[in-house]
Amino acid sequence: MTDLAVLAAGFGAIPLASILLYSFRAWLDAHREVVWGGFAGVIAFLGLSHAMAFVLEGKPFLFAGNDSLGAASFLLTGLALGGLLGWFLFEGPLIRTEPASIVWATAAFLALHSFGDGLVLGRDFVGASIPVVRIDSLTVSGTVVHRFVEGALLLVPAFAARWSLRGSFVLLFVPLVSIPAAFVPGWAFDAMGLAGGSAATLALSTFLAATEASVAIMLLVRGFLPIASADRGSRWIVSVMIGFVGISVVHFLVE
Ligand SMILES: [Zn+2]
């Protein structure tokens, strides 16, 4: 499992590097329509396209046991949970100020997303004597970009909420949840065997992806899009498209 440990640690730690953006926080603040628009495109891809594709891909497996009602309720619970979580963070009594609620909603989104990424990474190591993870320069650079962008996604609202350098850096520990997540498929395999373990992992991945999708739609319509479109003009629309297409291309290289 040493290889997985090294990979998971590297994968988990990359977002920490995006703290370098702290020096550019004034620029990021001055170009809100471009920056927030671009990240809205990234959230749309990661949270809606990618996560929902995962749900639809996992659905036939969940429905295979003929308990369609049970499978549908399971997925519906995941979607509802994400909606409730997003609602609680934006409209609930716990977080009083608007900028802070966007920070915490983004953190919740990235925690779910990173956990899901970690499960996918760990799944490749289960059952096979030789892991099927591709490691070449294109895959590695695609992964680095993907994880760096995720760190930046967390920092933009933190900078806007005037978080300190230390606070912003501590926030970047959220994507590290992908490290323990990478070991979950292995534990499930040890506890339940290959069939049971991979079924449990897939069910968990699908459930979390549904939750992530609901948090993402809340984050988009309540957080990023209103800020991106607050200034007049149409540059933010172009930025949304560039963010969406850009992160899609990165994923073509990685997966
Ligand atoms: Zn990711």
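**Helices of a predicted model**

Visitor: OK, back to H8: what does it span between its end C-alpha atoms?
Guide: H8 covers residues 178–228 and spans only 29 Å between those atoms, whereas a straight helix of 51 residues would span 75 Å. The expected span is 1.5 Å times one less than the number of residues.

Visitor: What about H3, how far does that one reach?
Guide: Helix H3 (residues 32–63) reaches 44 Å from its first C-alpha to its last, which is close to the 46 Å expected for its 32 residues.

Visitor: And where does H3 bend?
Guide: H3 bends by about 25° at glutamate 57, and proline 60 follows within four residues.

Visitor: Switching to packing, at what angle do H3 and H9 pack?
Guide: H3 and H9 pack at about 45°, with their axes 7 Å apart, the axes being lines fitted to C-alpha atoms over the stretch in contact and the angles running from 0 to 180 degrees between N-to-C directions. H3 and H9 are therefore oblique to each other, since under 35 degrees counts as roughly parallel, over 145 as roughly antiparallel, 65 to 115 as roughly perpendicular and the rest as oblique.

Visitor: Which residues make that contact of H3 and H9?
Guide: Among them are Gly37, Phe45 and His50 of H3, together with Trp236, Phe244 and His251 of H9, where a contact puts C-beta atoms, placed from the backbone, within 7 Å.

Visitor: How do H6 and H9 pack?
Guide: Helix H6 (residues 137–160) and H9 (residues 235–254) pack at about 140°, with their axes 8 Å apart, so H6 and H9 are also oblique to each other. Leu138, His146 and Val149 are among the H6 residues that meet H9, whose side of the contact includes Ile247 and Leu253.

Visitor: And how are H5 and H6 placed?
Guide: Helix H5 (residues 98–123) and H6 pack at about 165°, with their axes 8 Å apart, and they are therefore roughly antiparallel to each other. The contact includes Pro99, Ile102 and Leu110 of H5, and Glu150, Leu154 and Pro157 of H6.

Notes. Residues are numbered from 1 along each chain as its sequence is written. This is a predicted model: local features need pLDDT of at least 70, side-chain atom pairs count only at pLDDT 80 or more; totals for chains, interfaces and linings use all residues. Helices (H or I, at least four residues) and strands (E, at least two) are DSSP runs, numbered from the N terminus. Two residues are in contact if their C-beta atoms, placed from the backbone, lie within 7 Å. The bend at a residue is the angle between axes fitted to the seven residues ending there and the seven starting there.
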